[in-house]
Each structure stands twice: as C-alpha cells, then as structure tokens.
Amino acid sequence: MVTTLLLLSALAGFFGAAEGQDFHFGKCPSPPVQKDFDLQKYLGKWYEIEKIEISFEKGSCAQVNYFQTEEGNIKATNQIQRPDGSVHQTESELITARLAEPAKMTVQYYPQMHPFPYWVLTTNYDSYALVYSCFPLLSVAHKDYAWILGRNSSLPEETRDYLKSILSSNNIRTDKMTETDQSNCIKPI
C-alpha cells in the first residue's frame with residue numbers, strides 16, 4: 001500500500017512538473033489507422049499545422065520532408081525555426097514493419113534511441129494527414145502526441161476540426177493542441 005501511494009505521489013509530481021504535456025492515467029488508446037495506406041503517396045513535404053505540445057519541439061515553421069533512399073529506406077528531414085531565429089534540422093527514419101497495417105510505423109531519430117510509434121490515422125495524401133503517437137509510462141499512464149499536417153502551410157478550419165474529431169472520438173484529448181506558426185519562415189526545406 002505504501003509503495004502504491006509513493007508511486008502515485010511521484011506520478012502526480014511528474015505530471016505537475018510537465019506543464020503543457022498531455023499525460024493520462026491508463027493505457028494508450030489504439031485508434032484505427034488509414035486503411036490501404038500508400039507510403040509512396042505519403043512521401044514528400046508536409047507542414048506542421050497543429051500539434052499536442054512537445055517539450056523539446058519549441059519554435060515555428062515546423063516542416064518535414066519524407067523521401068526514399070537508393071537503398072529503399074524511408075528517411076525524413078525535420079526542420080524547425082527556433083525562437084532565436086536559428087533553424088534546426090534533424091534526420092530520422094520511418095520503419096515500416098507491419099504488412100497488415102502499413103500506416104502503423106515507427107520513427108527512429110538516433111540509433112541509440114528507442115523508436116517512437118508513428119501512426120497515420122488518416123490522410124488524403126494531397127492536402128492533410130493526421131499522425132498519432134503514444135508512449136506508456138510505468139504501465140499506469142501514457143503520453144499522447146498528435147500532429148495535423150498539411151501539404152501547404154495552412155488548412156481550412158473545417159479540415160482541422162474534422163481531424164480533431166477523429167482524435168476526440170478515440171479518447172485522445174485535443175484541448176492542448178497548439179497551432180504552429182508558419183509565418184516569417186526563414187528557410188523552407
């Protein structure tokens with residue numbers, strides 16, 4: 001009993017210290033993903049329109065470009081403009097391992113890092129995509145991440161509302177989603 005109370009106290013402190021993060025008790029939701037996902041159509045440049053806040057992703061003008069290497073791997077160049085005006089880029093790799101559900105991928109930023117889930121919940125390939133990720137925390141809680149992406153630097157409000165309704169219908173809160181500023185961008189990918 002004492003161990004449980006200490007664990008709950010530590011989790012409460014952890015949740016309180018992580019302002020802006022979206023932690024929840026219980027297991028990760030398992031929303032349905034895009035049926036008949038076509039990775040080749042998904043490749044190319046995407047702008048981040050909105051996201052559930054991420055502590056290490058601070059800035060504006062967030063963009064990603066997915067491309068296939070000569071070896072057949074799927075790589076991504078991620079770019080964000082920091083508050084001081086500097087541009088930060090990272091490389092990552094999408095790993096597709098689920099033949100039955102190709103929209104359930106993982107993304108690897110560095111070889112020493114654990115891959116992150118990267119699930120495409122829906123996309124029409126030419127204007128919008130909704131991506132979801134979730135991380136379990138000590139088997140008693142989880143952290144949600146979600147991104148609304150667009151092929152252009154903005155999306156109509158009705159499209160954003162539609163995509164948020166998909167999250168909400170799967171018990172993924174959208175009240176902490178923030179719009180990504182795509183104005184005054186110094187250097188596009």
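**Before selecting anything**

The model is predicted, so local features need pLDDT of at least 70 and side-chain atom pairs count only at pLDDT 80 or more, while totals for chains, interfaces and linings use all residues. Residues are numbered from 1 along each chain as its sequence is written, and side-chain values use heavy atoms, with hydrogens and water left out.

**The whole chain**

Show the protein as a cartoon. Three helices and 10 strands make up its secondary structure; helices (H or I, at least four residues) and strands (E, at least two) are DSSP runs, numbered from the N terminus. Traced from the N terminus, the order of elements is α-β-α-β-β-β-β-β-β-β-β-α-β.

Switch to a surface view. The accessible surface comes to about 10400 Å² (Shrake-Rupley method, 1.4 Å probe), and carbon and sulfur atoms hold 54% of that surface. Of the 189 residues, 47% are buried; buried is under 20% relative accessible area, exposed is over 50%, and partly exposed lies in between (1.4 Å probe, protein chains only).

Contacts, meaning heavy atoms within 4.5 Å, can be considered next. Among those with a separation of 6 or more, 55% are between residues 24 or more positions apart.

**The disulfides**

Select the cysteines. A search of the whole structure gives two disulfides, each a pair of cysteine sulfur atoms within 2.5 Å. Counted along the chain, the bonded cysteines pair in the pattern 1-3, 2-4.

**Stop one: Cys28 and Cys134**

Select Cys28 and Cys134, whose sulfur atoms are joined at 2.1 Å. The S-S torsion is about -85°, so this disulfide is left-handed. Cys28 sits in the loop between strand E1 (23–25) and helix H2 (39–42), and Cys134 sits in strand E8 (residues 128–137), so the pair ties together parts 106 residues apart in sequence. Color by accessibility: Cys28 is partly exposed, at 28% relative accessible area, whereas Cys134 is buried at 8%.

**Stop two: Cys61 and Cys185**

Now select Cys61 and Cys185, a disulfide with its sulfur atoms 2.1 Å apart. The link of Cys61 and Cys185 is left-handed, with -95° about the S-S bond. Cys61 belongs to strand E3 (residues 60–68) and Cys185 to the segment after strand E10 (177–179), so the pair ties together parts 124 residues apart in sequence. Cys61 is buried, with a relative accessibility of 3%, while Cys185 is partly exposed at 29%.
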